[in-house]
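Please look over the complex shown below.

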Amino acid sequence: MGKQVTEMLKGTLEGIVLAILSGRAAYGYEITAWLRDQGFSDIAEGTVYALLVRIEQRGLVDVEKVPSEKGPPRKVYSLNAQGREYLEEFWRTWSFLSERLEQLREGGE
Amino acid sequence: MAAGPIERKKRFRRLVEIVTGPFEDKRRYREYKARTERLPKSYHTAIEALHRYMLYFGPGKADSLLRMLEDLADLFEQSAANGTPIREVVGEDPVEFAETFLRNYPEGQWIGRERERLSSAIDRAARDET
């Protein structure tokens, strides 16, 4: 994965993770694994974890500690009402941005 | 009314803690250290290096500092349990990871005070302009 996509991902990773969690609850490792499967192969586990800590601090997700067979209990994250609202705002912002970029590419306004 | 033995003990403890800092913080710190020592060698080396960096740039308040270290230990324990290689935990650029992680604990970071100072200086400059 090139430098450019890493830079672009920085601004959108939060929205991406919230979108993943809107489908179903997940723990950090699952989210990173999914992103890697989707071709974001350079994404660091720690980066996703730092983001999860942040969205938890901001009250966008609910967290449940679930025991695991191997290792410490896992923190399972699920999107709450505030998180859903935030995600909607993310999609509106995303639409705005992608429409403008598309216009630029087509040489329009 | 004379203070009961528990009340006296609490008061004594408060007096001692003025000199030594809270015992609770020390206990949390020792627990964190013990957790890092139980990690496999490569994870231990990595967390020590991150810890060192984060002491320079991290929060100045004991509680946020401990919260940060505990969160870091959570990540490394989880990664060790999953067998995630160190490179995949911290990424290609460990400084970048450390900075992203540090932004979650802004309380009492000296750089935070400097950022505020910069912003308010520019606010004043912009106000004077009008």
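**Helix packing and the interface between chains**

In this predicted model, the axes of H3(A) and H6(B) cross at roughly 10° and come within 9 Å.

Q: How are H3(A) and H6(B) oriented to each other?
A: The two axes cross at roughly 10°. Angles under 35 degrees count as roughly parallel. H3(A) and H6(B) are therefore roughly parallel.

Q: Which residues make the contact of H3(A) with H6(B), and how many of them are charged?
A: H3(A) contributes A:Gly46, A:Thr47 and A:Ala50, and H6(B) contributes B:Phe97, B:Thr100 and B:Phe101. By class, three residues of this contact are nonpolar and three are polar, and the number of charged residues is none.

Q: How many of the 13 residues of H3(A) are buried?
A: H3(A) is mostly covered. Its buried residues include A:Gly46, A:Thr47 and A:Ala50, which also take part in the contact with H6(B). The number of buried residues in H3(A) is ten.

Q: Which helix gives the most to the side of chain B that touches chain A?
A: On chain B, 17 residues are in contact with 15 residues of chain A. Helices H4 (62–82), H5 (86–90) and H6 (94–102) of chain B each supply at least two residues of that side. With seven residues, the one that gives the most is H4(B).

Q: How many charged residues are on the side of chain B that touches chain A?
A: By class, this side of chain B has six nonpolar and seven polar residues. The charged residues there number four.

Q: Against which helices do the buried residues of H4(B) pack?
A: The buried residues of H4(B) include B:Leu65, B:Leu69, B:Leu72 and B:Phe76. In chain B they pack against H2 (23–37), H3 (41–57) and H5. In chain A their partners are H2 (28–37) and H3 (45–57).

Q: What span does H4(B) reach from its first C-alpha to its last, and which residue follows the helix?
A: H4(B) has 21 residues, for which 30 Å is expected at 1.5 Å a residue. Its span is close to that, at 30 Å. The residue after H4(B) has a positive phi, near 70°, and is B:Gly83.

Q: Where in chain B is confidence lowest?
A: Chain B averages a pLDDT of 88, with 97% of the residues scoring at least 70. Confidence is highest in H5(B), at 95. It is lowest, at a mean of 76, in helix H1 (residues 5–20) of chain B.

Key
Residues numbered from 1 in each chain as written. Chains lettered and ligands numbered in written order. Predicted model: local features only at pLDDT ≥ 70, side-chain atom pairs only at ≥ 80, totals over all residues. Contact = placed C-beta atoms within 7 Å. Helix = DSSP H or I, 4+ residues; strand = E, 2+ residues; numbered from the N terminus. Nonpolar A, V, L, I, M, F, W, Y, C, P; charged D, E, K, R; others polar. pLDDT = per-residue confidence, 0-100. Expected span 1.5 Å × (residues − 1). Buried ≥ 20, exposed ≤ 12 C-beta atoms within 10 Å, placed from the backbone. Axes fitted to C-alpha atoms, helices over the stretch in contact; angles between N-to-C directions. Parallel < 35°, antiparallel > 145°, perpendicular 65-115°, else oblique.
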